[in-house]
Amino acid sequence: MSWHVAEEDLRAYARGELQPPLLWSADTHLADCAECRAVLASAWDSGALDAAWSRLDAELDAPRPRPLERLLLRLGVADHTARLLAATPVLRRSWLTAVTLVLVMSVLTARAGHSDTLFLALAPLLPLAGVALSYGPVVDPTYEMSVVSPLHGFRLLMIRTVAVLTAALALTGLAGLALPGFGLSAFAWLLPALALTATGLALTPRLGPVVAPGLAGGGWVVLLLVAEAARNSGDHVLAPFTAVGQGVAAGVAALAAGLLFLVRDRFDQSTGGVR
């Protein structure tokens, strides 16, 4: 081979400074020329080569972002926030599949000729359960990571709450569209769902992430049982799903949201494993 790459070009190649088209010519030539490869090896900075291999190893070993995390990153969410949000247990396929199956079964029950009360009674409990399972040292695999993350504990809780509510309410809303008596009454679960979720969150700093949502959900079940017992034979809907009941639910949601705002700093405290 009569032609060889100039030594200064090889040094520029080693530094990553050689520009096309000389770069392309050097790449092609080095593949077949042992003499130029030897010159390049003597000009190469061994420290830079070791650093390049280290960067490559770190890139290969780094966990690959899941689709949800990649979507959040494209939407401009900070990488640490996207990682914490994507790791939310109830945003995974297993939880979403379980919620979908529950909603499908309740809709099929209503379409089979039974009352849609089962759907309206069950729907508010799904967001409450989803939010309850989205944080805390028992259920959150990234709990230690969230403790040291540069996020206010209340802010992290709100980020996850909004994400879980969006997923749960979207699935429940789609299920509501499939009810046989579709109309505004099919969305009578929405205000109770917000009231239950806000109440569970507001009680969490005092009662903990397990007892608080459990108490809110149990109170909802008791309320439905009392409403069923007090319902007259001519009533078609339970009291919580009437106009008055919806107004009460809106008031409870507003009061619980205000209380949650007042106790927001307590979500940064390590007592009771709230975070």
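Of the 275 residues of the protein, 37% count as buried (under 20% relative accessible area; exposed is over 50%, partly exposed in between; 1.4 Å probe, protein chains only). This is a predicted model: local features need pLDDT of at least 70, side-chain atom pairs count only at pLDDT 80 or more, and totals for chains, interfaces and linings use all residues. Residues are numbered from 1 along each chain as its sequence is written, and side-chain values use heavy atoms, with hydrogens and water left out.

**Exercise 1. Describe the fold by its elements and contacts.**

Step 1. Count the elements. The protein has 13 helices and zero strands (DSSP runs numbered from the N terminus: helices are H or I, at least four residues; strands are E, at least two).

Step 2. Turn to contacts (heavy atoms within 4.5 Å). Take those with a separation of 6 or more: residues 24 or more positions apart account for 70% of them.

**Exercise 2. Locate the salt bridge and place it in its helix.**

Step 1. Apply the rule: a side-chain nitrogen of Lys or Arg within 4 Å of a carboxyl oxygen of Asp or Glu. The count comes to one.

Step 2. Name the pair. Arg-11 bridges to Glu-7, with the closest N and O atoms 2.9 Å apart.

Step 3. Arg-11 and Glu-7 are four residues apart in helix α1, so about one helical turn separates them.

Step 4. Arg-11 is partly exposed, at a relative accessible area of 37%. Glu-7 is also partly exposed, at 43%.

**Exercise 3. Characterise the lining of the largest pocket.**

Step 1. Identify the helices. α12 (190–230) and α13 (243–262) each supply at least two residues of the lining. α12 gives the most, with eleven residues.

Step 2. Sort the lining residues by class. They divide into 15 nonpolar, four polar and no charged.

Notes. Ala, Val, Leu, Ile, Met, Phe, Trp, Tyr, Cys and Pro count as nonpolar, Asp, Glu, Lys and Arg as charged, and the others, Gly among them, as polar.
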